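User: I'd like to go through this one and see where the labels come from. Can you take me through them?

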Amino acid sequence: MTEADEVDRIVGAWNTQRPDLDFSPLEVLSRMDRLTRLLDRARRDVFRRSDLEAWEWDVLSALRRAGAPFQLSPKQLLQQTLVSSGTMTNRIDRLVGRRFVRREADPADGRSILVTLTDDGRIRVDAAITRLVDVEADLLQGLSRGDRDRLAALLRKLSLSFDA
């Protein structure tokens, strides 16, 4: 038998108390929940070491992923970060204050602005992503590359079922 974890102990106890129920969903989703909490802590630590808040990371990484010239409209940032318009305005203001982004007039539409990643912002987000992938690789060291690929495919399938 494989080594038991805390979820095995919890499910075993529930099976004893309620043998009439199928606890197999807990075997998957309780592990996902526990792993999510561990991942959140690891990411918060990475962002803290990079002197970033998680919300700052969300905005800066969206701009960095956009590629040169590292610009997005506030509407595009809203779509990628899933926050309200007022929240995004506040976030942009704060990032401008930290000199990680700047507002620029949109040359295609004089009434609109673009948010542009500054050199300081790019340096900060590049350092954070380097730390993040190193930490996350360490978290997955117990899985072979094939196991990670299979797990990623299964999680993608599950994720797509929520989007349907």
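Analyst: Let's start with tryptophan 14: at 42% relative accessibility it counts as partly exposed, because buried means under 20% relative accessible area, exposed over 50%, and partly exposed in between (1.4 Å probe, protein chains only). Bear in mind that this is a predicted model, where local features need pLDDT of at least 70, side-chain atom pairs count only at pLDDT 80 or more, and totals for chains, interfaces and linings use all residues. Residues are numbered from 1 along each chain as its sequence is written, and side-chain values use heavy atoms, with hydrogens and water left out.

User: What makes phenylalanine 23 buried or exposed?

Analyst: Its relative accessibility is 9%, so phenylalanine 23 counts as buried.

User: Why is the pair of tryptophan 14 and phenylalanine 23 called stacked?

Analyst: Rings of Phe, Tyr and Trp (its six-membered ring) pair if their centres lie within 6.5 Å; planes under 30 degrees apart count as stacked, over 60 as edge-to-face and the rest as tilted. Here the centres are 6.0 Å apart and the planes sit at 25 degrees, so the pair is stacked. Phenylalanine 47 and tryptophan 57 form a stacked pair too, with 5.2 Å centre to centre and 25 degrees between the planes.

User: Where do phenylalanine 47 and tryptophan 57 lie?

Analyst: Phenylalanine 47 is in helix 2 (residues 24–49) and tryptophan 57 in helix 3 (residues 54–65), 10 residues apart. Helices here are DSSP runs (H or I, at least four residues), as are strands (E, at least two), numbered from the N terminus. Phenylalanine 47 is buried at 6% relative accessibility, and tryptophan 57 is buried at 11%.

User: How do you know that arginine 98 and glutamate 56 form a salt bridge?

Analyst: A salt bridge is a side-chain nitrogen of Lys or Arg within 4 Å of a carboxyl oxygen of Asp or Glu. Their side chains meet at 2.8 Å, N to O. Arginine 98 lies in the loop between helix 5 (85–97) and strand 2 (101–106) and glutamate 56 in helix 3, so the pair ties together parts that are 42 residues apart in sequence. Glutamate 56 is buried, at 4%, while arginine 98 is partly exposed, at 30%.

User: Which residues are linked in a network of salt bridges?

Analyst: Asp51, Glu56, Arg98 and Arg124 are. The whole structure has 18 salt bridges, including one between aspartate 93 and arginine 103, with the closest N and O atoms 2.4 Å apart.
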